Every structure is written in C-alpha cells, then in structure tokens.
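Please view the sequence and coordinates alongside the text.

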Amino acid sequence: MAETQGLIGSWLQSALRTGGLTKEVAVLVSSTMVDPDDPAFHTPTKFIGASFDESTAKRNVASFGWSVAQDGNAWRRVVASPRPVSVPATVLASHLLDAGHTVVLAGEVAFPLPAETVPTTSSRRSSTRTAPPPSSPRR
C-alpha cells in the first residue's frame, strides 16, 4: 500500500513541477487514525478489487475470510469505511506549509487508535481524503 501511495505522490510531485510550480514539493505518505469501535467495522460497505461470480466470491469468503456483496451482476469484496479521527501527518504538513512548501499527503490506510485516545467530542472528520482546512489559503 505505501508503495502505491509513494508512487502516486511522486507522480503528483512531478506533475506540479512540470506544470510550473517553483516551490519545493514535499510528499508525505500519511495514515488515518480511526476508532476501533466504529460501527462501520461491523457492516463493511466499501467495494474494492476485482469482480467475481457468486461461487468464486463465496470461495474467497471461505478461503480468505473476506466480506463480499453483490455489485450489479457481480460480487466484490467489501471493507469497512470507518470515520477518521485524525491524520497525524497534518501537523508536519502544517509546518511545511508555514515554511512556504507545497505538500502532498498521499495515503488512506486506516489504523485503529488505542481506546484511551479516541476523542469523545464531535471532532471526527467525515472524509479520509481531506486534511483539516488551513486557517488561511496556502499554495
């Protein structure tokens, strides 16, 4: 997974430079922290990977312990899509942005937080694909 994230980050970095960006571009392979008790873990809904016929999908459930669901006429693996609690790399990204650099956060792997660190407030984010908004526009 990190190899793919790094490769995509490298492509974005290259595209930004080719497009005329003169600032330094930092690519950070990031992760997302999630609540291990998030109800999404009990009802996986996010389709990933290839499509299978029903019998192959059921064999994959038995062989690999996958969760599968019907997707149109085919069957696909489904995984949990828990709500993010934090993206630790945003602290480092903020420092780099403050120093005038362009930052690419590449990654989406979710890691459960230890129970004692899960916030009890409504500070959870609704998307794993965005970082917290900066206090002022940055380029």
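## Leu105 and strand S6

Leu105 lies in strand S6, which spans residues 102–112; strands (E, at least two residues) and helices (H or I, at least four) are DSSP runs numbered from the N terminus. Leu105 is partly exposed, with a relative accessible area of 28%. On this scale, buried means under 20% relative accessible area, exposed over 50%, and partly exposed in between, with a 1.4 Å probe and protein chains only. The C-alpha atom of Leu105 is separated by 7.8 Å from that of Ala93, twelve residues away along the chain.

## Basis of the model

The model is predicted: local features need pLDDT of at least 70 and side-chain atom pairs count only at pLDDT 80 or more, whereas totals for chains, interfaces and linings use all residues. Residues are numbered from 1 along each chain as its sequence is written, and side-chain values use heavy atoms, with hydrogens and water left out.

## Helix H3

Ala93 is one of the buried residues of helix H3 (residues 89–98), together with Ala89, Thr90 and Leu96. Viewed down the helix axis, these buried residues fall within an arc of 115°, so they line one face of H3; the arc is that of the directions from the axis to the C-beta atoms. An α-helix has 3.6 residues a turn, so residues three or four places apart point the same way.

The face turned away from the buried side of H3 carries the exposed residues Val91, His95 and Asp98. Just after H3, Gly100 adopts a positive phi of about 95°.

Ala69 stands opposite Arg76 in S4. Two residues lie between the strands of this hairpin, in which Gly72 takes a positive phi near 70°.

## Overall organisation

The protein comprises three helices and six strands, in the order α-β-β-α-β-β-β-α-β from the N terminus. Buried residues make up 24% of its 139 residues. Of the contacts (heavy atoms within 4.5 Å) between residues at least 6 apart in sequence, 73% join residues at least 24 apart.

## Surface

The protein exposes about 9100 Å², of which carbon and sulfur atoms supply 56%; accessible areas come from the Shrake-Rupley method with a 1.4 Å probe. Trp11, in helix H1 (residues 2–18), is exposed, with a relative accessible area of 54%.

Notes:
Two strands pair if DSSP finds at least two bridges between them.
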